[in-house]
Structure formats: structure tokens, C-alpha cells
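Work through the exercises below with the model open. Each task is followed by a solution in steps.

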Amino acid sequence: MSRRLSRAWRILALPLISIVLSVLVGSVVIIASNWLVTGELDPGLAIDAFSSLVEGSIGSEAAIVNTLVASMPLLLGGLSVGLAFKGGLFNIGAQGQFMMGALGAVIVGVQLREGPAVVAIPAALAAGMVFGAAWGFIPGFLKATSGAHEVVTTIMLNFIALAILAAAVNGPLNVEGSASPITPDVGNASLPVFVGLTGHIGIIYAPLMAVLYGFLLFRTTRGFEIRIAGSSPDAARYAGMSPKRLIIWTMTVAGLLAGMAGATDLLGTTHQMASSYATTVGFDSIAVALLGRTSPIGIVLAALLFGALRTGSDLMQIQAGVPAELVGVLQATILFFLVASPVIKRLFRLKGARTGLEETTTFTSTYGGEATIR
């Protein structure tokens, strides 16, 4: 039992400490900003803000459903980034893959909006997954064939995806006579709601994807190859594997998951797309994957946390008067403390604690010609 508790602490230490420290930083920001504006030093304001945040995220049945709905795209995006991490890749392009997935879903959804739902929904969802997979294939192919670093190519592809989306909505997908560019509603291609006002079927199939993610990585030959290639490409090559093929496959599947996240958001929540369609789900997915240490259970819990922050921010702003942008501060500080894990380990004397960055460091250093770090 002592050994199990020790192992659990090594796994949970960094994420828990990062969350606690981010709450402390958020509290300081709330108190200091209120003091600068009003001249009053009110420590209780931070307590009121976080109480409202919790109430707005899990304080009622509707709040819980909304939290689940907000968490599902983050969960799928976190799986996308986590899979890439396991393969030694840094998928900064989850944002672009997310947008391309949403674009693919709206293109097919609009075309089938008056058709039978049993056909329209799977077709639109599949289109989003194909678009996302194609957007993930590009940096994977470039990495495998030319050595182009995936961080650079995926960042550029994010901007290209945004431009393609805006061009499509302003052009062929635009509703004639609309005050501003916007696509038609996807109609029958919308994900059916089965609980509350917003609880669509995405809250069922997204966790199932986390189960498949874990099965793939830890119960299949391909998952074993991905993890070996991510840890030591030379060892994988010596064992007869093809690291280049695994890079392409991993980035393609990662893009598919991010595209599925975009399709889920579009078909389940917005149902149509404006030219200014903007979201930070793709970027937040990086923090979700790191906070969850790239494990399926960890990513699910991290996605629920970030979804709760998004859902509860509105009530926090209404009741406590604290801007909803505080959620961005909390997310950013969580990521900051995770990245600063060596300092956290030294300050809190954490022996053996690990974050989800090790696989990426190993892969990058190996392919960059330096010593492997693990």
C-alpha cells in the first residue's frame, strides 16, 4: 500500500501542485486588480470569485451538463496532443486541425441539413475527421521526408487553416443577404440532445475515444511502436520499425482526433460558422494533455477541469464581478508551472515526479543530433 501511494503521489504531485499554485496566482491577481481599481484590499473577493466559479460549473444539473459539453472538444483535442507526445511529436497544430474539422463538418452538414439525421450526422462527423486527418498528415509527411520540424509547420498551418475557413465562409458557404458572412444551419446534421438543453451525444462518444486511445497505446502493437519510436527512434529502427512511417501515421491520427473535436463543437454547439469563427480549444488542448500527463484518465480529468473553468466563468463575472478572462490566467499559469517542473521539483523536493514533456524532449534531441534526455 505504501508503495502504491508513493507511486500515485509521483504521478499526481506536479499536476496538483500546478493547480494549487495557479489558484494562488489567480487570487493575487483578483485582489491586486480590485485594489488598484477601487483602492480597497478585499481578500474575500477571491473566495467569492472561486465559489461562484464552482457554482457555475457544477452547482446544478444544467451547469454539470454544460461543463460536460464544454469538456468534450477539449478531451478530444487533448487526446490529439497526447498521442503526438507519445510519438515524440509536439502537435501545436491541433488548433488548425480543429478548425479544419469544423469546416469539413459544416460543409457536409449544410449539404445534408434536410436529409435523414441517421445519414447526415455520421457523414458530417466523418468529414470533420477526414479534414483534420488531412491537416495532420501534412506536417507528419514533411517531418518524415524532409526533417521539417513539426512545431514550425503546424504553426504555419494554423494560420493557413484560419484563412481557408474565412475564405470559405465569405465565399461559397455564405448565406445570401446575411448581415455578416455566416453559413446556413447544419439542420438535421446537428448532434442530437439527450440530456438537458445542451447535452448532446458527444458526451458519450468522446470518453469512448479516450478508452480507444488507451487501448491503442498500451494494448496494441502499433501503440507499442509509437511509444518506442517516441522514446528512441534509433532503437525502433534497430528493431525493424519505420520511424518515418510512424511519424506520418501518428500525426494523421492526431489530426483526426483534433478534427473530431472541431466537428463535435460545430455540430453539437454552434451549428453554423461565421467567418470570425474563433476558439482556443486547439491551444488549450496542449495544457490538457500536459496536465493529464498524456494518460487517458489524466486527459479526461484535465478536460473536465478546463471545461468547468469555461462554464463557471460567466457566473463568476456576474456574481463576483471578476472578469471571465481570469480563466485564461488560471490556464496559462497551470501550463507555466508544468513547464517549470524542474523548479517545482526542487522547491517541493519531489523525487521521481514526472510531467508529460519527457517524450518530446527525447524525440527532439535524438533527431536534432544531441544526446537523448529521459
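Buried means under 20% relative accessible area, exposed over 50%, and partly exposed in between (1.4 Å probe, protein chains only). This is a predicted model, in which local features need pLDDT of at least 70, side-chain atom pairs count only at pLDDT 80 or more, and totals for chains, interfaces and linings use all residues. Residues are numbered from 1 along each chain as its sequence is written, and side-chain values use heavy atoms, with hydrogens and water left out.

**Exercise 1.** Classify His 271 as buried, partly exposed or exposed, and locate it.

Step 1. His 271 sits in the loop between α10 (243-270) and α11 (281-291); helices (H or I, at least four residues) are DSSP runs, numbered from the N terminus.
Step 2. Its relative accessible area is 23%, so His 271 is partly exposed.
Step 3. Phi of His 271 is near 70°, a positive value in a residue other than glycine.

**Exercise 2.** Do the classification for Thr 250 and list its contacts.

Step 1. Thr 250 belongs to helix α10.
Step 2. With a relative accessible area of 2%, Thr 250 is buried.
Step 3. Leaving aside neighbours within four places in sequence, Thr 250 is in contact (heavy atoms within 4.5 Å) with Leu 83, Ala 84, Leu 89 and Ile 226.

**Exercise 3.** Find the residues that touch the most other members of the largest nonpolar core.

Step 1. Such a core is a set of buried Ala, Val, Leu, Ile, Met, Phe, Trp, Tyr and Cys residues joined through side-chain atoms within 4.5 Å.
Step 2. Among its 70 residues, these are Leu 75, Leu 79, Leu 83, Val 106, Leu 267 and Met 273.
Step 3. Helix α3 (residues 61-86) gives the most to this core, with 10 residues.

Terms used
Helices (H or I, at least four residues) and strands (E, at least two) are DSSP runs, numbered from the N terminus.
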